[in-house]
Amino acid sequence: MRAVLGAGALVAALAGPAWAGPAWAGGVTVQDGWMRMLIPSRPAAGYFVLHNDTDGPVQLVGAASPACAHLMLHRSVNESGQERMMMVEHVDVPAHGAVTFAPGGYHLMCMQPSMQPGERVNVTLRLAGGATVAASFAVKGATGE
Amino acid sequence: MNGVRRRTVMLGAAAGAAGALALPALAWASQDIDVSGSSPSLRFTMTRATDGKTVTAADFRGEIPLLYFGYTSCPDVCPLTLANVAKVLKRLGPDAKPVRLLFVTVDPNRDTLPVLKQYTAAFGPQFVGLRGTADQLMALARRFRIAYSVTVKGSDYEVSHSSALYAFDRTGAARLLIPSLATNPPDIAGTADDLRKLVEGGAGGGFISRMLSAISGIV
């Protein structure tokens, strides 16, 4: 398993198990992270729940992973039966709230994925202000299994 | 949920004609729309991704085609829809055998045959990738009033497409419009029940079979 040494990852590694489960940076935790891997030449999708247990709002502004050339925040929108995808600059998470990235809504778009179903990959989420929170995501296949 | 209350239809000699008009339609899951007789039959010319052959609707006679328009660079809604179709197939069990998901790419410029083949194979052998020229795609989409658009801005693509799936019976007649299998939660059970009716229906919803179904109380 590759070690990702960013400040956030280091905090997470010192604070708890780095191989599974939630990772946290000052009251912000990421849980249930998973990737849907399709085919190598097409983007994969990432999903998770971001919990903000602090007394103030936080803002998710980006993401990175060694398993993706680029990771972008996206949102699927259905308007009158028409589906489209839009890039998202940031997502606000209110104090003592959470945001869910799930199929059909917010998702991470992982460009040029290098991962296999059954593996785990590290994903670092970036918050406004510079804090990061890293977590290990389970890689699933196209059908989500 | 598949609990359906069916009205008993009395067919007297005199009431025969009027009774036929009053026959209940097959009852479908709440989100699925009966388009029997109102949407056209399946007709298209496309290239099949698995073998590069030109195929038409005739190649799917005897099977239960599900028509869906999407593109492979979409990592969220299209895979979600196809993954839910895979769940429906699983729930159908042996009845899933004749069902084919026809994945028609609205992005033929980027979705080459090898990519389409690899992508659909990731969902299962019953997922068939179809790719056409711009004209072939437009003809099929227009036939079923499916909207799509591909806008290229520099290196950025913006694609929009309908969430709907159309289900056809073994004769190629349009039977159901499924508005979306990308909702949360999806109606896996209801969709499976509806497709099972098409699988078991033989030649499908002709007047005679509907009449016999209503009389015998079997759907």
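Colleague: Which residue is the bridge partner of B:Tyr68 in E9(B)?

Modeller: In this predicted model, the partner of B:Tyr68 is B:Leu165. Residues are numbered from 1 along each chain as its sequence is written, and chains are lettered from A and ligands numbered from 1 in the order in which they are written. Local features need pLDDT of at least 70, side-chain atom pairs count only at pLDDT 80 or more, totals for chains, interfaces and linings use all residues, and side-chain values use heavy atoms, without hydrogens and water.

Colleague: Why are strand E4 and strand E9 of chain B said to pair?

Modeller: Two strands pair if DSSP finds at least two bridges between them. Strands are DSSP runs of E, at least two residues long, and helices are runs of H or I, at least four, both numbered from the N terminus. E4 (residues 64–70) and E9 (residues 165–168) of chain B have 3 bridges, so they meet the rule for pairing. Their sense is antiparallel.

Colleague: What makes E1 and E3 of chain B edge strands?

Modeller: The open sheet has 8 strands in the order E1-E10-E9-E4-E5-E6-E2-E3 (chain B), with mixed pairing. E1 (33–34) and E3 (54–56) of chain B each have a single partner strand, so one side of each is left without a neighbour in the sheet. Helix H3 (residues 113–121) of chain B packs on this sheet, touching E2, E5 and E6 of chain B.

Colleague: Which elements of chain B supply the side that touches chain A?

Modeller: Those giving two or more residues are helix H2 (77–92), H3 and strand E8 (156–162) of chain B. H2(B) gives the most, with 6 residues.

Colleague: How much area is buried between chain B and chain A, and what does "buried" mean?

Modeller: Buried area is the accessible area (1.4 Å probe) that two parts lose on being put together, summed over both. Here the value is about 2000 Å², of which carbon and sulfur atoms give 57%. B:Pro75, B:Asp76 and B:Gln118 supply 27% of the area that chain B buries against chain A, more than any other three residues.

Colleague: Which strand of chain A is joined to E8(B)?

Modeller: Strand E6 (residues 82–87) of chain A is joined to E8(B) by 3 bridges, and the two run antiparallel. A:Arg84 stands opposite B:Ser160.

Terms used
Contact means heavy atoms within 4.5 Å. Axes are lines fitted to C-alpha atoms, for helices over the stretch in contact, and angles run from 0 to 180 degrees between N-to-C directions.
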